[in-house]
Amino acid sequence: MKVVFQYYSESEDGRDEFRFTNEAEALEKFESLKEIIEVQFADCPNAEIVDEPDFYGIIDHRTGDWAKVIISVKK
């Protein structure tokens, strides 16, 4: 299982990848990163949000800033 976190903000970007052998731990990390994204974009009331079971992302079209987290659980 893998959780990938990516972001772009003011010409700065980053990517972190986390691998897990336990599905519950992967889901916990996904939810944790989702909450971090929500907090970071709390002051962006018009930001576009995509919330799917395996993908969560927010983009602020005014600034171009975005962040997303993806979980891939292979069975």
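Which residue's side chain meets that of Asp 51 in a salt bridge? Keep the question in mind during the tour; the model on screen is a predicted one.

**The sheet.** Begin by selecting the strands. Five of them form an open sheet in the order E2-E1-E5-E4-E3, and the pairing is antiparallel. Look at the two edges, where strand E2 (12-19) and strand E3 (48-52) stand; each has a single partner strand, so one side of each is left without a neighbour in the sheet. On average, neighbouring strands here are turned by 5 degrees against each other, direction ignored.

**Inside the sheet.** Next select residues 2-9, strand E1, together with residues 66-72, strand E5. These two run antiparallel and are joined by seven bridges. Opposite Lys 2 you will find Ser 72 in E5.

**Salt bridges.** The whole structure holds four salt bridges. Select Asp 51 and Lys 34: their side chains meet in one of these, at 3.4 Å from N to O. This pair links distant parts of the chain, since Asp 51 is in strand E3 and Lys 34 is in helix H1, 17 residues apart. Asp 51 is partly exposed at 47% relative accessibility, whereas Lys 34 is buried at 14%.

Last, select Arg 15, Glu 17 and Arg 19, which salt bridges with shared partners join into one network. Arg 15 meets Glu 17 at 2.8 Å, and Glu 17 meets Arg 19 at 2.9 Å. Arg 19 counts as exposed, because its relative accessibility is 62%, over the 50% cut-off.

Definitions and conventions: Residues are numbered from 1 along each chain as its sequence is written. This is a predicted model: local features need pLDDT of at least 70, side-chain atom pairs count only at pLDDT 80 or more; totals for chains, interfaces and linings use all residues. Side-chain values use heavy atoms; hydrogens and water are left out. Two strands pair if DSSP finds at least two bridges between them. Helices (H or I, at least four residues) and strands (E, at least two) are DSSP runs, numbered from the N terminus. Axes are lines fitted to C-alpha atoms, for helices over the stretch in contact, and angles run from 0 to 180 degrees between N-to-C directions. Buried means under 20% relative accessible area, exposed over 50%, partly exposed in between (1.4 Å probe, protein chains only).
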